[in-house]
Amino acid sequence: MGHVLELHGLSKHFPNHIALDDLTLQIAEGEFFSLLGPSGCGKTTTLRLIAGFEAPTRGEIMLRGEPQAALPPHQRRVSTVFQNYALFPHLTVQQNIEFGLRYHPRADARESVRECIEMMRLDGKQDRKPAQLSGGEKQRVALARSLVLRPDVLLLDEPLSALDPNLRKQVRTELKALQRRVGITFIFITHDQEEALSVSDRIALLYKGRLEQLGTPRELYLTPRTRFSAGFLGPVNWVNGAGIRPESTRLSLDPPRDAGLCSIPGTIQELMFLGNCLHVETVSADGQTIVAEVARGECIFERGQSVHVFWDKQDQIHCEPS
Ligand code: ATP
């Protein structure tokens, strides 16, 4: 598979602040690629550089092998879905979707708009204004408005953040299905690790303007390179330098005997009911807090009880401190 987008040593320095530092990435045709990281790590800056809203301090952006530096935003074959959707309030759904085509006229424009309306299930809502739409519908209009332009790369800046948590999960599944159907490369920004894990082919984890780790969701979650990666991708217990995820941490009343298991005695401090499971917090003799995820039907434990916390050696995460 060819690379649709390449970033070479991309940096963006603002006065007194380095927002992005030497980012090199190659994004494959048709990939669902996420930029993940905490607030201020440089995700939006990266997107704005790709879209051409900002110029890099150093480095180069290549789209289908073409350098982008000299091109203004409207001449780049990328389209952006903004966090707040940025719909025109005085235009109807149909007019919002048609908007970008004014600058990129095409013979099949009418047909493309109709297709997008159908694909985004906006049939019958063409004449409404954005204020007459739900959050999910506004988001679908924003997507339709970008997809109708048939960009080489669709940039999505936290497109789910304005939706409530339940709708967010539904829409992310739809987004993944949509991406498969249209086959356009998506670059998706999120600070939500579960969201990134669930939709992405690959994830670039950014931290303080630098690339912390690049890989598939499995690679990032199961073999994080640094402590920061391990902790950002999900909860992790650090016991004597090794990391163990709560779902790999188990509890028993008697010491485990199997040679492949590591164990440490402790006292149960807290039980947290999470609906589908419980998180049982144990404190070891030397004061380390260890959380074990226990299935709801299997929790025989109570506060104050002496237990053995154990895990399979193979499930240990070893990484750099960072
Ligand atoms: P969030 O998840 O909060 O949107 P982000 O990862 O998208 O964060 P960016 O918006 O890329 O972060 O910002 C990276 C850093 O660069 C931040 O510390 C921000 O304050 C800084 N920054 C962004 N734009 C400017 C600017 N125009 N001038 C100065 N500093 C800026």
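Predicted model: local features only at pLDDT ≥ 70, side-chain atom pairs only at ≥ 80, totals over all residues.
Reader: Let's start with the ligand. Which residues surround the ligand?
Author: The shell consists of F14, H17, A19, P38, S39, G40, C41, G42, K43, T44, T45 and E158.

Reader: How do those divide by class?
Author: The shell around the ligand has six polar residues, four nonpolar and two charged.

Reader: And which element gives the largest share of the shell?
Author: That is α1, with three residues. The elements that give two or more residues to this shell are α1 (43-51) and β2 (17-28).

Reader: What does H17 do there, in terms of distance?
Author: H17 has a polar side-chain atom that lies 3.1 Å from an oxygen atom of the ligand.

Reader: What about G40, where is the ligand relative to its backbone?
Author: A polar backbone atom of G40 is 2.8 Å from an oxygen atom of the ligand. For G42, a backbone N or O atom lies 3.0 Å from a ligand oxygen.

Reader: How much of the ligand does the protein bury?
Author: The protein buries 60% of the 640 Å² that the ligand exposes when taken alone.

Reader: New topic. How much space lies in the largest pocket?
Author: About 590 Å³. The largest pocket is lined by 24 residues, and the closest to its centre are V78, S79, T80, H104 and L149.

Reader: How does anyone find empty space in a protein? What shows where it is left?
Author: A probe the size of a water molecule is rolled over the atoms, and that shows where space is left empty.

Reader: OK. Which element supplies the largest share of that lining?
Author: β6 does, with four residues of the lining of the largest pocket. Both β6 (78-81) and α4 (135-147) supply at least two residues there.

Reader: How many of the lining residues are nonpolar?
Author: In the largest pocket, 14 are nonpolar, seven are polar and three are charged.

Reader: What volume does the second largest pocket have?
Author: About 230 Å³. It has 13 lining residues, and Q94, E98, A109, R110 and V113 are the closest to its centre.

Reader: Which element gives the most to that one?
Author: α3 gives the most to the lining of the second largest pocket, namely five residues. α2 (93-98) and α3 (109-119) each supply at least two.

Reader: And the classes in the second largest pocket, how many of each?
Author: Five lining residues are nonpolar, five are charged and three are polar.

Reader: Last thing, zooming out. Into which domains is the protein divided?
Author: Domain 1 covers 3-225 and domain 2 covers 235-315.

Reader: What distance separates their centres?
Author: The centres of domain 1 and domain 2, taken over C-alpha atoms, are separated by 40 Å.

Terms used: Residues numbered from 1 in each chain as written. Heavy atoms only, no water. Near = heavy atom within 4 Å. Polar contact = N/O pair within 3.5 Å; in protein donor to acceptor, adjacent residues only side chain to side chain. Areas by Shrake-Rupley, 256 points an atom, 1.4 Å probe, with all protein chains shown as cover. Nonpolar A, V, L, I, M, F, W, Y, C, P; charged D, E, K, R; others polar. 1 Å grid on protein atoms, 1.4 Å probe; cavity = no way out; pocket = protein on both sides within 12 Å on 5 of 7 lines; lining within 4 Å. Points joined across faces, edges and corners; volume = space filled by probe spheres on them. Domains from an automatic or database assignment.
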